[in-house]
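This report describes a protein chain through its secondary structure, its surface and selected residues. The sequence and structure are shown first.

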Amino acid sequence: MLETTRKAVATFPRLSIEALAVVGTTSTFGWLLAHDLIQPIAVYLLEIFLAF
């Protein structure tokens, strides 16, 4: 039983820190945007940043 648990833990897919950061940042920005808690200038600057 202990070997089965070790194999399950060893094969468990691990999320990278970068993926978690992307999901967290995107969801936070989306939540702020949905609740009108972000300034329009921030959206404009983000659009400019992503354009280049």
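## Basis of the model

The model is predicted: local features require pLDDT of at least 70 and side-chain atom pairs pLDDT 80 or more, while totals for chains, interfaces and linings use all residues. Residues are numbered from 1 along each chain as its sequence is written, and side-chain values use heavy atoms, without hydrogens and water.

## Overall architecture

The protein chain contains 3 helices and 0 strands, in the order α-α-α along the sequence. Helices (H or I, at least four residues) and strands (E, at least two) are DSSP runs, numbered from the N terminus.

Of the 52 residues, 2% are buried (under 20% relative accessible area; exposed is over 50%, partly exposed in between; 1.4 Å probe, protein chains only). The accessible surface is about 5,100 Å², with 72% belonging to carbon and sulfur atoms (Shrake-Rupley method, 1.4 Å probe; for residues, only the protein chains shown count as cover).

## Helix H3

Helix H3 covers residues 40-51 and includes Ile 48, which is partly exposed at 34% relative accessible area. The number of buried residues among the 12 of H3 is 0, so the helix lies largely in the open.

## Loop residue Asp 36

Asp 36 is located in the loop between helix H2 (17-34) and H3. Its phi is near 55°, a positive value in a residue other than glycine. With 67% relative accessibility, Asp 36 counts as exposed.
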